[in-house]
Amino acid sequence: MTNGEPAAFHRIKIRVAGLVLDDRDVALIRRTNTRGTAHYSLPGGNVEPAEPLPDALRRELREELGLTPEDLAEAPRFLWLLDAMVSRPGSTPPRKLHLVYRVPLRPGVRPGLRVFEDDDAVGRGEVVWVPFEQTRGLALFPPVPIADLGPSGGVGAGSALLPPLDDTNYEWV
C-alpha cells in the first residue's frame with residue numbers, strides 16, 4: 001500500500017471486454033439482483049496469468065457468446081481503458097483495469113450466438129441486444145460510454161482513457 005491506498009485494492013486484475021456490435025445493436029449480459037433490479041455487463045472476463053490480451057478476449061467471447069474469429073467483420077479494436085477501485089458486495093475486490101474492445105460481427109452471425117451466459121460466481125445471465133444509443137442510463141458495468149460512440153463506433157485517442165472509477169462516483173446496483 002502506498003499513498004493512502006485502501007488495503008482492499010492491493011491486487012490488480014486485468015479484465016477484457018467486447019463491445020460486440022451487430023449493426024447498431026450491442027450485446028449485453030443482463031442479470032437481476034436479489035432486489036429485482038436489472039444490471040448489465042459487457043461480455044468478457046479476467047485475463048489469466050501470462051495470457052496475451054487478444055487470446056483472453058477470444059477465449060472470453062467464445063465462452064460467453066460462442067463467438068469465433070470467423071464471425072467477425074474485422075479484427076477487434078481497442079476502445080477504452082477504465083481503472084476501477086470499487087467496493088462491492090461479497091469478497092474483497094481487486095483493483096481492476098478494464099480493457100474494452102470494439103468487436104463488429106459479420107452479417108447473419110447473431111442468430112447463431114448464445115442467448116444465455118453461465119458464470120459460476122454470479123449465475124446465469126441473459127444475452128440481450130440493445131441499440132447502442134439506448135444504453136445511456138442502463139446499470140452497466142463497466143460503465144463505459146457506449147451511447148456516445150456515434151455511427152462509426154470509434155473514439156479518439158484522447159477519449160480512450162476513461163475517468164477512474166471508485167466508491168465516490170459509482171455504486172453497485
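Modeller: Happy to! Contact here means heavy atoms within 4.5 Å. This is a predicted model, where local features need pLDDT of at least 70, side-chain atom pairs count only at pLDDT 80 or more, and totals for chains, interfaces and linings use all residues. Residues are numbered from 1 along each chain as its sequence is written, and side-chain values use heavy atoms, with hydrogens and water left out.

Let's start from V144: leaving aside neighbours within four places in sequence, V144 is in contact with L42, W80, V100 and L162. V144 belongs to the largest nonpolar core, which has 24 residues. Such a core is a set of buried Ala, Val, Leu, Ile, Met, Phe, Trp, Tyr and Cys residues joined through side-chain atoms within 4.5 Å, buried being under 20% relative accessible area with a 1.4 Å probe, protein chains only. The members that touch the most others are L19, L28, L42, W80, V144 and I146. Two or more residues each come from β1 (12-22), β2 (25-32), β5 (77-85), β8 (123-131) and β9 (140-141); these strands are DSSP runs of E, at least two residues long, numbered from the N terminus. β5 gives the largest share of this core, four residues. Another core lies apart from it, with 19 residues, among them V16, V47, L99 and V127. As background, nonpolar side chains in soluble globular proteins tend to be buried together.

Key: Buried < 20%, exposed > 50% of the residue type's maximum accessible area, 1.4 Å probe, protein only.
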